Amino acid sequence: SLIGRLMLKLPEEMGLIAIAVRQTQGKGRGGNVWLSPMGCALSTLHITVPLHSNLGQRIPFIQHLVSLAMVESVRSIPGYEDIELRVKWPNDIYYSDLMKLGGVLVTSTLIETTFHILIGFGFNVNNSNPTICINDLIRKFNKEEGTKLKPLTADCLIARTVTVLERLIDIFQEKGPNGVLPRYYKYWVHSGKQVRLHNEEGPIAWIVGIDDYGFLQVHEEGKGVESVHPDGNSFDMLRNLIIPK
């Protein structure tokens with residue numbers, strides 16, 4: 001809310017980020033409320049994207065770039081490459097394919113030929129309850145591998161996420177989706193996964209990848225590849241359900 005009021009009053013080239021120690025009125029997808037205690041990395045970032053650019057023509061990709069940046073904020077640190085932090089399409093951060101650690105919410109406003117993008121992102125760094133946190137994963141890795149990796153801080157991960165995101169945006173603007181998708185697929189949880197379309201009794205399909213506009217591609221036997229989209233909670237990872245676009 002704060003950045004939404006400020007973003008149009010600042011010079012276009014000026015970056016802006018708000019960082020919260022805890023959240024009591026955070027927003028999730030589909031109007032869900034996101035409550036975040038202390039011990040999480042929480043922020044909202046404002047960026048601008050020209051409409052007539054690779055990313056401006058594929059705005060849904062922003063949430064994928066942010067999700068990738070969050071994962072790489074940990075896994076690009078020397079020694080931390082094998083911490084099992086992953087991306088779940090379209091906007092979640094997971095421990096393997098088991099538990100959610102964080103997420104991304106992107107809103108955009110087009111003013112003349114410029115998109116003003118607000119990126120809310122957060123992940124659990126220090127809280128072992130109610131699920132698991134990044135530093136739990138590090139402790140687990142140390143115990144299993146005999147390493148002595150240090151715990152990470154929320155400030156460090158926010159800074160690294162923004163830095164990685166800037167690089168990913170530059171790459172995307174230069175090379176388009178193919179410039180970043182190999183890195184994205186390296187960390188996502190869906191490779192080769194089977195899902196059902198429409199409902200629990202619906203036809204079976206296999207996840208193939210992401211199309212040029214950020215929508216998920218699935219292959220249904222006898223019908224070829226089609227794109228599906230995130231509509232509220234219609235992509236239900238727990239029940240392996242997706243709704244065709």
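**Entry 1: Glu220**

I looked up the burial of Glu220 and found that it counts as buried, because its relative accessibility is 10% (buried is under 20% relative accessible area, exposed over 50%, partly exposed in between, with a 1.4 Å probe and protein chains only). Glu220 belongs to strand 11, residues 216-220; helices (H or I, at least four residues) and strands (E, at least two) are DSSP runs numbered from the N terminus. Leaving aside residues up to four places away in sequence, I list Leu197, Pro203, Ile204, Ala205 and Glu226 as touched by Glu220, where contact means heavy atoms within 4.5 Å.

**Entry 2: basis of the values**

I note that this is a predicted model, in which local features need pLDDT of at least 70 and side-chain atom pairs count only at pLDDT 80 or more, while totals for chains, interfaces and linings use all residues. Residues are numbered from 1 along each chain as its sequence is written, and side-chain values use heavy atoms, with hydrogens and water left out.

**Entry 3: Ile62**

I placed Ile62 in helix 2. Ile62 counts as buried because its relative accessibility is 2%. Not counting residues up to four places away in sequence, Ile62 touches Val49, Leu55, Val106, Ile117 and Ile119. I also looked up Leu168: it is 106 residues from Ile62 in sequence, and the C-alpha atoms of the two are 9.7 Å apart in space.

**Entry 4: helix 3**

I checked the length of helix 3 (residues 134-145): 12 residues at 1.5 Å each should span 16 Å, and the end C-alpha atoms are 16 Å apart, which agrees. The expected span is 1.5 Å times one less than the number of residues. Its buried residues are Ile134, Asn135, Asp136, Leu137, Ile138, Phe141 and Asn142. I found that these buried residues pack against several elements, among them helix 2 (61-75), strand 7 (99-111), strand 8 (114-124) and helix 4. Just after helix 3, Gly146 has a positive phi of about 70 degrees.

**Entry 5: salt bridges**

I took a salt bridge as a side-chain nitrogen of Lys or Arg within 4 Å of a carboxyl oxygen of Asp or Glu; by this rule I count seven.

Arg139 is partly exposed at 45% relative accessible area, whereas Asp136 is buried at 15%.

Asp92 and Lys88 form a salt bridge, with their closest N and O atoms 3.2 Å apart. Asp92 is buried at 9%, and Lys88 is buried at 5%. I note that Lys88, Asp92 and Lys100 are linked in a network of salt bridges.

Asp97 pairs with Lys193, the closest N and O atoms being 3.1 Å apart. Asp97 is in the loop between strand 6 and strand 7, and Lys193 is in the loop between helix 5 (181-187) and strand 9 (194-197), so the pair ties together parts 96 residues apart in sequence. Asp97 is partly exposed at 35%, and Lys193 is partly exposed at 24%.

**Entry 6: second largest pocket**

I looked up the second largest pocket, which has a volume of about 310 Å³. Of its 16 lining residues, His46, Ile47, Thr48, Glu166 and Ile169 are the closest to its centre. Strand 4 (40-50) and helix 4 (154-175) are the elements that give two or more residues to its lining. I record the lining as eight nonpolar, four polar and four charged residues; Ala, Val, Leu, Ile, Met, Phe, Trp, Tyr, Cys and Pro count as nonpolar, Asp, Glu, Lys and Arg as charged, and the others, Gly among them, as polar. On a 1 Å grid over the protein atoms alone, a pocket is an open set of points where a 1.4 Å probe fits, with protein on both sides within 12 Å along at least five of seven lines, and lining residues have an atom within 4 Å of a point. The volume is the space filled by probe spheres set on the points.
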